[in-house]
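Trainee: I am new to this one. Could we walk through it together?

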Amino acid sequence: MSSELSFGAPTAPDPTLRRLFGALVERAFIQTLGVYESHVADYLADVLTDFAHMQQVYKIKDLSGKTLHEVADMLLHADVRLEATSFNREREVHKHIGDFTLFWAGIYPEALPRLQAQTRRDHLLDYVQQGKNSYAIAASHDYGDYRHQARTLRKLSDEFELCLHGLHSVRKQLDGLGKTGGWTLAA
């Protein structure tokens, strides 16, 4: 096995699902919040599309290939002074932590008591603050191929709570679709 941490096998994006999430995010941010930045909306729609596959939600693995289920464990693998094998790896894991915390707190806030139960290390973490911090760290890598995404990650850090409200609105829209289509979302 390589010295880099494994993210797991990538999934092929579903263009129909991506269009649905793109439309829902755009609607939530324009109609509900009255704000819209295409680069942020596109990023959020991409995260929702990726996270439709549970293996993408839990794609961070340790050196032995074990899937990491808690942000506290991911943080160990997001620091070059600890388990991260490179600054690129640090950036990728922090970006994922931002995505992970925004997803759970925005789309499935009812899952937070389970994710942050007293029996888990994550009970010590504030997902909102950690998401903001992780996006800020990932945004600080604004060189080379990362430069184009740094602005978006910085905005996500600065506007994390606004994005949470937008994702709450997306969830309400999805729940509404479920009532008319016979399906529901459950964490």
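Mentor: Happy to! Keep in mind that this is a predicted model.

Trainee: How far apart are the end C-alpha atoms of helix α8?

Mentor: Start from its length: α8 covers residues 147-158, which is 12 residues.

Trainee: Are α7 and α8 roughly parallel or antiparallel to each other?

Mentor: Helix α7 takes in residues 127-139, and its axis lies 8 Å from that of α8. The two pack at an angle of about 160°. Angles over 145 degrees count as roughly antiparallel, so the answer for α7 and α8 is roughly antiparallel.

Trainee: Which residues in α8 meet α7?

Mentor: On the α7 side, the residues involved are K132, Y135, A136, A138 and A139. By class, this contact has seven nonpolar, one polar and three charged residues. The α8 residues are A150, L153, R154, L156, S157 and D158.

Trainee: Is A150 buried or exposed?

Mentor: A150 lies in helix α8, and its relative accessible area is 2%. Buried means under 20%, so A150 is buried.

Trainee: Which residues is A150 in contact with, leaving aside its neighbours within four places in sequence?

Mentor: Contact here means heavy atoms within 4.5 Å. With those sequence neighbours set aside, the partners of A150 are A139, H141 and D142.

Conventions. Residues are numbered from 1 along each chain as its sequence is written. This is a predicted model: local features need pLDDT of at least 70, side-chain atom pairs count only at pLDDT 80 or more; totals for chains, interfaces and linings use all residues. Side-chain values use heavy atoms; hydrogens and water are left out. Helices (H or I, at least four residues) and strands (E, at least two) are DSSP runs, numbered from the N terminus. The expected span of a helix is 1.5 Å times one less than its number of residues. Axes are lines fitted to C-alpha atoms, for helices over the stretch in contact, and angles run from 0 to 180 degrees between N-to-C directions. Angles under 35 degrees count as roughly parallel, over 145 as roughly antiparallel, 65 to 115 as roughly perpendicular and the rest as oblique. Ala, Val, Leu, Ile, Met, Phe, Trp, Tyr, Cys and Pro count as nonpolar, Asp, Glu, Lys and Arg as charged, and the others, Gly among them, as polar. Buried means under 20% relative accessible area, exposed over 50%, partly exposed in between (1.4 Å probe, protein chains only).
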